[in-house]
Amino acid sequence: MTFQQPKIIGVSGGSGSGKTTLVRMLRDRCSEMVGVDLLVLQIDHYYHDLAHLPQSERDSRNYDHPNSFDTELLRLHLSELLAGREVARPTYDFATHTRTGETVLIKPAPVLVLDGILALHWAEIRQLLTLAVYVDVDDDVRCLRRLRRDINERGRNVDGVIHQYLQTVKPMHDTFVGPQKLVADIIVSWVQYNERAVAMLAGMAAAWVNSSN
Ligand SMILES: Nc1ncnc2c1ncn2[C@@H]1O[C@H](COP(=O)(O)OP(=O)(O)O)[C@@H](O)[C@H]1O
Ligand SMILES: [Mg+2]
């Protein structure tokens, strides 16, 4: 049997747009269709390790800027997976902004989904993608979703979430995240749970899985 190069679907979009929710629905749907789980890689695990900086400086960093990510390692890992080799994914601790030292063994799969606000930003990553998706939701809705999520699930308070939104999230979104729409193959409206878009993407992913067998 000839080796079929894996396919990568990049899923970008603003913070709180629903990328991770869409990716979860896509994985579930695809698994129902072909009985194979898509491999999901969160770009968040590829933040630079800031262990060399004092905690106060780590806390005040801009985590929405492209330079905050170790794209060299991300690119290397994607290339390895595309070549059919497994990689040791770093694990990132958001409380300390450091790599925990634990790694997770990621085995190559026919279809990989890359989930991150800047999945389409870097040319060297973008060129590895088979399909570039942008999850599109108005800023006010994203901001409210993020507020609720960060308070309910991440132990944050209203003032803290608003401060971070205005200081870094919004300016970085306007400068780097939003413009990715221009290089997206598909822009998915995610104001509602867009079942048709999920079905369409799952159909493509399932066909790629089948053609790899
Ligand atoms: N279509 C939707 N309608 C309403 N709420 C949504 C929708 N999609 C996601 N959410 C909620 O919005 C929040 C952010 O979603 P999440 O998938 O974590 O976004 P992202 O990964 O893009 O930051 C979560 O609390 C999630 O449950
Ligand atoms: Mg997410």
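1. A quick word before the tour: helix axes here are lines fitted to C-alpha atoms over the stretch in contact, and the angles run from 0 to 180 degrees between N-to-C directions. Keep in mind, too, that you're looking at a predicted model.

2. With that in hand, take helix α5 (residues 139-154) and helix α6 (residues 158-177): their axes come within 10 Å and cross at roughly 135°. Angles over 145 count as roughly antiparallel and 65 to 115 as roughly perpendicular, with the rest between them oblique, so α5 is oblique to α6. As for handedness, α5 passes α6 in a right-handed crossing.

3. Which residues make that meeting? From α5 come Cys143, Arg146, Leu147, Asp150 and Ile151, and from α6 come Val158, Val161 and Tyr165. Sorted by class, this contact of α5 with α6 has six nonpolar residues and two charged ones, with no polar residues.

4. Now for the other helix pair. Helix α1 (residues 19-34) and helix α7 (residues 195-211) have axes that come within 9 Å and cross at roughly 50°. That angle makes α1 oblique to α7. The crossing of α1 and α7 is right-handed.

5. If you want to find this contact on screen, look on the α1 side for Leu22, Met25, Leu26, Arg29, Cys30, Met33 and Val34. On the α7 side, pick out Val198, Ala199, Leu201, Ala202, Ala205, Ala206, Val209 and Asn210. Between α1 and α7, the contact residues split into 13 nonpolar, one polar and one charged.

6. Next, the ligand. There are 13 residues around ligand 1, and Gly18, Lys19, Thr20, Thr21 and Arg145 come nearest. What classes do the shell residues fall into? Around ligand 1 there are two nonpolar, eight polar and three charged residues.

7. Two of the helices we've already visited turn up again here: α1 and α5 each give at least two residues to the shell around ligand 1. The largest share comes from α1, with three residues. So much for the close-up view.

8. Stepping back, the protein has seven helices and seven strands. Following the sequence, you'd read them off as β-α-β-α-α-β-β-β-α-β-α-α-β-α. The radius of gyration is 17 Å, close to the 17 Å that the globule rule gives for 213 residues, so the protein is as compact as a globular protein of that length. Taken along the principal axes, the C-alpha atoms fill a box of roughly 55 × 40 × 30 Å.

How values were computed:
Residues are numbered from 1 along each chain as its sequence is written. Chains are lettered from A and ligands numbered from 1 in the order in which they are written. This is a predicted model: local features need pLDDT of at least 70, side-chain atom pairs count only at pLDDT 80 or more; totals for chains, interfaces and linings use all residues. Helices (H or I, at least four residues) and strands (E, at least two) are DSSP runs, numbered from the N terminus. Angles under 35 degrees count as roughly parallel, over 145 as roughly antiparallel, 65 to 115 as roughly perpendicular and the rest as oblique. A crossing is left-handed if the near helix is turned anticlockwise from the far one by less than a right angle, and right-handed if clockwise. Two residues are in contact if their C-beta atoms, placed from the backbone, lie within 7 Å. Ala, Val, Leu, Ile, Met, Phe, Trp, Tyr, Cys and Pro count as nonpolar, Asp, Glu, Lys and Arg as charged, and the others, Gly among them, as polar. A residue is near a molecule or strand if its C-beta atom, placed from the backbone, lies within 6 Å of it. The radius of gyration is taken over C-alpha atoms; the globule rule is 2.2 Å times the number of residues to the power 0.38.
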